[in-house]
Amino acid sequence: MSRPFRPSAGALAPALVVAVAVAGAQPATPVYPTTATVPHVDEYHGTKVPDPYRWLEDDTATAVRQWVTAQNAVTFGYLGAIPYRGALLQRLRELQDYPRVSAPARRAGWYVWTRNSGLQNQSVWMIRRGATGAERVLLDPNALDPAGTTRYGGFVPDKAGRHLAYSVSKAGSDWQELRVMDPVTGRDRDDRVRWVKVSGIAWWKDGFFYSRYPAPADTTKALSGRNEDHRVYYHRVGTPQSADVLVHADAANPQRFHTVRTTEDERWAILSISDRGKGADGNELWVRDLASADTAWKPLVRGFGDEASVLDGDGDALLVLTNRGAPNSRVVRIRPGSPDEATWTTVIAEAKEPLQGVAVAGRWLYPSYLRDVVTVIEQRERSGAKVRDLVLPGIGTAGMASATRDATDAFLTFTSFTEPPVTYRVILATGRLEPWFAPKLPFDASRFTTTRALATSRDGTRVPMFIVHRKDLRRDGTNPTLVYGYGGFNVPTLPGFSASRVAWLEQGGVYVSVNMRGGSEYGEAWHKGGMLANKQNVFDDFIAAGEQLIRDGWTSSAKLAMQGGSNGGLLVGAVMTQRPELFRVALPAVGVMDMLRFQKFTIGWNWIADYGTSDDPKGFEYLRAYSPLHNLRDGTAYPATLVTTADHDDRVVPAHSFKFAARLQAAHRGPNPVLIRIETQSGHGASSLAKGLETTADVYAFTMWNLGMTPRLPQAPTP
C-alpha cells in the first residue's frame, strides 16, 4: 500500500521529519446536510417503533445518492483540512511497500500462490509445476483492471491438473463469477458461471460442484435484495451454464446454505447444510458415494444444533471435525454406511483448549488449538496417536495448510502483533520448520512490544486483551489508545501483524485488541456467553477493557478511541450509545446498526443464529435494548465519530450506516464531529489496496486530530 521509505529502518530520517504544524487551515465544526424524515412506523408485537429514515434503505434511489454526495462533501471537507492528512497517507504507503508472498496451495502437481511487490492494488497469482519448476505469472489482476477493484481467487486445479477453476468479484461485492483456465497456457476457456455466492469449487471428473442463487429478478437490487433459494449445481467444463445440472435444492427452506466439497480421492461428495435463518447454530452433513450409480444424498450427521465438517476420506469412512458432545470440538471417524452416532469412533478427543481446525497432510493430522489466544499445533497419526508438538517460532498465530496424501512437506504461516507473516516449509516426517519466505520490512518492528492484561467484566468474567506499544512508552495516563474488538460468530480475535498499524504505534499510540465473549477464544461456552440474549456481555467486556486501561495508567477517556468493523461496528455503535463519555473517538465500520431489520437484506438472515430476530417477541426485546440505531438519545454529547461504509457492501448493506449516521447527526449535541465516509466501488472490505490505504489514512487522521495528537511525519510532497 505504500512507497519505499528509504532512510534506515527504525528511525525517521531527521532531514525529512517535521512536527506537522496545526496552525493555518484546520477542520471547522461541520454543518451537516439536512436529512429528511418520513412518518414511517413499524409495529413489533404490539410495540410501535418509528423508522423515520426508512427511505435511506433504497440504495438505488436518486434521493439517496444525493444524500451520499452531500454527506461525503462534508466529511471530505473536514478530513481535507487536517494538516497532516497527506503526510500520513504518504507514511502509510512507505510502511506498506514491502514484498509479500502467500503460502502455496498444491494439487495435481501445481503450486499456486500470490505475490505482491508492495503497492500493487491486487496481489499477482503465480504458478509453477512441482517444487522446483520455473515460476511464472498465472494472472495479474492489475493488468486486467487498471482501477484495481476486481479480485480473483480460488484457483483450484482439477485432479488431473488440466483445468484450473477460479472466481472473479468486482468492486468489493460478494457476488462471484466462476471461470476455468488452462494452467499450462494461462488461457481462459469460455466457461462463465454467474450469481455465485457462499460457494466452494469441488472438482469431480471433468467438472465441479458449486453453489449459487437464482439470478435476481431485478438486477438493480442485486446489492441489497434478500438472497434466498441457495442451490448446488454441477458444471461440466466446456458447456454453458444453462446446461449445468441441479444436484440439490430445498425450496421449502429458502434461507439455508448448501455447499459441496469432494474428498481428495473424489470418492465422496459432502453436502453441508446450515439453517441459521431459523436460529440454528450448526449444520447437517449429507454424503454421496461418487463411485456408485446411486445419486441420492444420504445423511451423515443429522441435526442443526452442532457444527461438523469432513476433513478427509479414510477408506470406507470419513474423518469429521465436530463439536457434537464436545464444546471444544473433537475428531471422529464415521462410516457412511452406518452413520448412527453410537458407531462413531473418537480419533482426537476433546481437550481443555478449543480445537480451531485440523490440517491433513501426508499420513498425518495437524490439530490447531488456542491456548490463552495463542496457537499450538500438534502432529498426530490418522489413528489419533500423538507424534509431537510442532515447535513454532514464537507466541502468536499460526496456520497450517493441508496437503495431499503423497506430500512430504506442507506450508505453515506464522505471525504476531509485532512480526509480519513468515511462511515455513514443514518437513512432515520430522516436524521441522524451514523458513520459505520472510518479508523484509521497510521499518524496524523490534521497536514495538506486546503486553497482556486482564479486565473484569460486569459479571466478574475475566477478559483478556493484548496491548501493543512502543518499548519506550511511559504508562503515565496520557497515551492515545485505540481499542479494537469484534466479539461474535464464534470468530476469535487473534494476534496478527499490520504494517499500517505502525503509523499509529510510532506516533506514541497504543493499540489494544480485546478478546470478548462471542468469539471462540475459549471454546463454545465463550461463544454462547456473547450471543442471543447474552450479547450485552460483549459490550460489557469491551467497556471493562476501556476502564481497565484507564485504571492501569495507559490512557484516559480524553485519549481513548474505539474501533470495530461489521459485527465489530455493531459493538462500537452499542458502546457509544451506552457509555458515550468513556471514549473520545468512535470508529464504527460497515456495522450492523439496525438490529430490528438486519434480516431483511441480502444474507442478513444468516446472522439470526447469533443475534436472534425481531420477529420473535423475546428477540425483539433484547435486540431493541442495544440496537445502536434505536438507542441514540436526543441532546446527548457523543464521541467524535467517523462512520465508514461502501456503496458495494452487499453483506452489511450501507443502509445500516446511512440510517445510523442520519440519526446520530440529529441527536448529537456538542462540538465533536459526527461524520460518515462512504467509499465508492468498494464493498465490505476495501476492493483495492489504494482504497484501503486511503480509508486508513482518513481514519487515523480523524482519530489523531480528535485526540489532540501532533504527529511527526515525513513532509508530504506538494502537488
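Ala455 stands opposite Val463 in strand 34, where a strand is a DSSP run of E with at least two residues and a helix is a DSSP run of H or I with at least four, both numbered from the N terminus. The model is predicted, so local features need pLDDT of at least 70 and side-chain atom pairs count only at pLDDT 80 or more, while totals for chains, interfaces and linings use all residues. Residues are numbered from 1 along each chain as its sequence is written, and side-chain values use heavy atoms, with hydrogens and water left out.

**Confidence**

- The protein chain has a mean pLDDT (the predictor's confidence in each residue, from 0 to 100) of 93, and 96% of its residues reach 70 or more.
- Residues 1-24 have pLDDT below 50, yet this stretch makes 63 contacts in the model beyond near neighbours in sequence; contact means heavy atoms within 4.5 Å.

**Overall build**

- The protein chain contains 11 helices and 41 strands.
- Its C-alpha atoms fill a box of roughly 75 × 65 × 55 Å along the principal axes.
- Of the 719 residues in the protein chain, 60% are buried (buried is under 20% relative accessible area, exposed is over 50%, partly exposed is in between, with a 1.4 Å probe and protein chains only).
- The protein chain exposes about 27,500 Å², and carbon and sulfur atoms supply 51% of this area; accessible areas come from the Shrake-Rupley method with a 1.4 Å probe, and for residues only the protein chains shown count as cover.
- Among contacts with a separation of 6 or more in the protein chain, 59% link residues 24 or more positions apart.

**Hairpin of strands 33 and 34**

- Strand 33 (residues 448-456) pairs with strand 34 (residues 462-470) in the antiparallel sense over nine bridges; two strands pair if DSSP finds at least two bridges between them.
- Five residues lie between the two strands of this hairpin, and Gly460 takes a positive phi near 95°.

**Sheet 17-18-19-20**

- This is an open sheet of four strands with antiparallel pairing.
- Strand 17 (257-262) and strand 20 (298-301) are the edge strands, each pairing on one side only.
- Neighbouring strands are turned by 30° against each other on average, direction ignored; axes are lines fitted to C-alpha atoms, for helices over the stretch in contact, and angles run from 0 to 180 degrees between N-to-C directions.
- Strand 19 (residues 283-289) runs antiparallel to strand 20 and is joined to it by three bridges.
- Trp286 has Pro299 in strand 20 as its bridge partner.

**Sheet 21-22-23-24**

- Four strands, again paired antiparallel, make up this open sheet.
- Its edge strands, strand 21 (308-314) and strand 24 (345-348), each pair on one side only.
- The twist from one strand to the next averages 30°.
- Strand 23 (residues 330-334) and strand 24 run antiparallel and are joined by three bridges.
- Val331 stands opposite Ile348 in strand 24.

**Ser682**

- Ser682 lies in the loop between strand 40 (674-679) and helix 11 (689-706).
- Ser682 counts as buried because its relative accessibility is 2%.
- Beyond neighbours within four places in sequence, Ser682 is in contact with Ala171, Gly172, Ala646, Asp647, His648, Asp649, Ser687 and Lys691.
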